[in-house]
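Here are my notes from a look through the model you sent.

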Amino acid sequence: MRTILFPTDFSEIANNAFVYALNIAKSIDAKIYVLYSFLEPVLSATHAGQPELLGEVYQTIELDQFEVFRKKSQRLHEIAERENLSDVELIFLFEEGPLPFVVQRLVQKEKFNLIVMGTHGESGFLSKVIGTNTVDVIKNVQNPVLAIPPHAKFQGLNKAAFTTLFRDKDKSALKEMLIMANATGSKIDCVHVIKSETVDQVLLHTEAWKHEFPNEDINYVLLDEVESVENTITTYLLENNIDIFAVVKRNRNWFDRLFSNSISNNLAFHSKVPILVFHEER
């Protein structure tokens, strides 16, 4: 059985992302590990009055956090009932520590096929688009991460865009994408921006991929570069009713550029379209 990790702070943005996680889990026959992590405050024994009470203070804080976790977890069960997805198996995790570090710790123990997170920005452009915690998770784990923006509403997954350089390293990500697409009935646009190659070279790549994926519903889209690769891709996505945008994170500079180029277009797109980030195979 496949597994999805869903970190949450029980906010409305996170609950909205939970609906996506439920639907994807149902489609690919996965169970969801719901993760709530909390941070204990740093208390000084010298200011506690009675140092021996410090342990009791920390215990009280943890118990209070667990009570929040227990009550708000029930809300997720109610959402699953409302969406007629209560048959999706939910496993709840209560962990102490900064979220990115907790996620790193968990993925070392369990093979998660996908991490689904809501986005909520804090500071910096990339953080405003995706959300600081989500950015940190993407940068520090190798698992695919699906980031759900606040204005995305699940209405089925009909069309996905997968950007590629036609490298062999992209194929494993495309195979994972195909599992989700086939399960949800989504069509995939395989998008490539022509730069220094000739059209004939790119057509050879597409023919090779067609032979490798002969029975898949893949539409190969070749775009001439306009201003920049990032701008070309963003413009295409905005004009073609894409439900999920999938990208292979090759390196930090390229990833950051993709989300900082053409700011107005990016904000218009990323406020409502989920982003699925794969890591390039090592």
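1. Let's start with Ser-186, which is buried, with a relative accessible area of 9%. Keep in mind throughout that this is a predicted model.

2. Where is Ser-186 along the chain? It lies in the loop between α6 (171–184) and β7. Leaving aside neighbours within four places in sequence, Ser-186 is in contact with Leu-157, Asn-158, Lys-159, Ala-160 and Ala-181. Ser-186 and Ile-244 are 58 residues apart along the chain, and their C-alpha atoms are separated by 9.6 Å.

3. Now the sheet. It is open, has 10 strands and mixed pairing, and runs in the order β3-β2-β1-β4-β5-β10-β9-β6-β7-β8. At the edges sit β3 (90–96) and β8 (218–224), each pairing on one side only. On average, neighbouring strands are turned by 25° against each other, direction ignored.

4. Phe-162 stands opposite Cys-190 in β7.

5. Two helices to look at against the sheet. Helix α1 packs on it, touching β1 (2–7), β2 (30–38), β3, β4 and β5 (145–148), and the direction of α1 makes about 180° with that of β1. Helix α7 (residues 199–212) also packs on the sheet, where it touches β7 and β8; its direction makes about 165° with that of β8.

6. Which residues touch the most other members of the largest nonpolar core? Out of 53 residues, they are Ile-4, Phe-18, Leu-22, Ile-32, Phe-162 and Leu-276. Helix α1 (residues 12–28) supplies the largest share of this core, 9 residues. Another core, of 30 residues, lies apart from it; Val-103, Ile-115, Val-191 and Val-273 are among its members. In soluble globular proteins, nonpolar side chains tend to be buried together.

7. Beyond its neighbours within four places in sequence, Phe-18 is in contact with Phe-6, Ile-32, Val-34, Leu-76, Ile-79, Ala-80 and Leu-90.

8. Last, Met-117 in strand β4 (residues 114–118). Is Met-117 buried or exposed? Buried, with a relative accessible area of 3%. Sequence neighbours within four places aside, its contacts include Pro-7, Ala-17, Leu-99, Asn-133 and Ile-148. Met-117 and Asn-16 are 101 residues apart in sequence and 9.6 Å apart in space, C-alpha to C-alpha.

How values were computed
Residues are numbered from 1 along each chain as its sequence is written. This is a predicted model: local features need pLDDT of at least 70, side-chain atom pairs count only at pLDDT 80 or more; totals for chains, interfaces and linings use all residues. Side-chain values use heavy atoms; hydrogens and water are left out. Helices (H or I, at least four residues) and strands (E, at least two) are DSSP runs, numbered from the N terminus. Buried means under 20% relative accessible area, exposed over 50%, partly exposed in between (1.4 Å probe, protein chains only). Contact means heavy atoms within 4.5 Å. A nonpolar core is a set of buried Ala, Val, Leu, Ile, Met, Phe, Trp, Tyr and Cys residues joined through side-chain atoms within 4.5 Å. Two strands pair if DSSP finds at least two bridges between them. Axes are lines fitted to C-alpha atoms, for helices over the stretch in contact, and angles run from 0 to 180 degrees between N-to-C directions.
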